[in-house]
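Welcome! Please take a first look at the sequence and the 3D structure shown here.

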Amino acid sequence: MWPIFHKLGSPPWLYAIAGVILRWLLPITILALITGMTWGLLFTPAERIQGNSYRIIYIHVPAAVVALAGYYIMALAGAVSLIWRMKMADVAMKAAAPVGAAFTFIALVTGAVWGKPTWGTWWVWDARITSMLILLFLYLGVVALYEAFDNKEAAAKACAVLSLVGMVNIPIIYKSVDWWYALHQGATIKFTGESSIDSSMLYPLLLMIGAFYALFTCGLLLNMRAELLQREARTQWVKKLVAKAGDK
Amino acid sequence: MYFDSLPAALAMEGHGAYVWGSYLVTIAVIAMVVMVPVLRRRRFLRQLAAQLKRAQVGPVGQIRGES
């Protein structure tokens, strides 16, 4: 168990292993996204009440689910960097923020577009929509806070605290449809009990959720690699890497 | 396929603009999520390579280098 922790703390190892994972995960992710989108757009039946506008579900729900899960990952990395002063956890936290912001943005935009034909309005200050907007600001806040500090250690600490405090928002988003009755519908996929969604719509949705998780992982690893290089620019392993790339 | 023809798939019984529009926006954002860090890393590697080259060449290199 401990050797893996030592390795995780080693930038060249992390850089290399992220590269190996990406070589496989990125093509698989893109393939899964194309398959899931085509399936959802063209090969599923229309919904009985909403008609075809419901097809937005195949990007809206996965983006929202992963935007929330991504926040946990970012906050967890922040906690590790705060408690154990692990620099690589800080790299992970900084890498997660823009990806999470992008996913939240997708969820908000597709939700607004879906709302127009379904609810008759682009935007309402519904509890879930409002708390998702706050999530977007939290992600962007972490990105901006990093840029605001010259001192990297102070930036890491401030961002970790911000992401941990922001955790309060996550259960509010989850529970918002139960606590405040508004336009958003309740959960249709449940781990316990019968899901209220037909399997012809459930399978492509699950595929898209999986694909978006994989996409988040790819975005995280890609950002971590870029960040690692910049932070370690003065070290021998980066210089060797650059020399090797120059030989080709 | 659920739709009878390509125009029917594009129109989606009046919901086409909403559905296709949101998919296009999503694809654009996904492309950004992947390409921004890839380009950032490549650009940095190039910069660093140029920097190391200048350091090796020494003062003469500084004249032709863009510093």
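The briefing below goes through the chains and then their interface.

This is a predicted model, in which local features need pLDDT of at least 70, side-chain atom pairs count only at pLDDT 80 or more, and totals for chains, interfaces and linings use all residues. Residues are numbered from 1 along each chain as its sequence is written, while chains are lettered from A and ligands numbered from 1 in the order in which they are written.

**Chain A**
- Chain A has 9 helices and 0 strands; helices (H or I, at least four residues) and strands (E, at least two) are DSSP runs, numbered from the N terminus.
- The C-alpha trace of chain A spans about 60 × 40 × 35 Å along its principal axes.
- Of its 248 residues, 38% are buried, meaning that 20 or more other C-beta atoms, placed from the backbone, lie within 10 Å of a residue's own.
- Just after H3(A), you will find A:Arg85 with a positive phi of about 50°.

**Chain B**
- Chain B has 3 helices and 0 strands, in the order α-α-α from the N terminus.
- Buried residues account for 15% of its 67 residues.

**Where the chains meet**
- Here 38 residues of chain A are in contact with 28 residues of chain B; contact means C-beta atoms, placed from the backbone, within 7 Å.
- On the side of chain A that touches chain B, H4(A) gives the largest share, 10 residues.
- The residues on that side of chain A are 25 nonpolar, 9 polar and 4 charged, where Ala, Val, Leu, Ile, Met, Phe, Trp, Tyr, Cys and Pro count as nonpolar, Asp, Glu, Lys and Arg as charged, and the others, Gly among them, as polar.

Terms used:
A residue is buried if 20 or more other C-beta atoms lie within 10 Å of its own, exposed if 12 or fewer, and partly exposed in between; C-beta atoms are placed from the backbone. Two residues are in contact if their C-beta atoms, placed from the backbone, lie within 7 Å.
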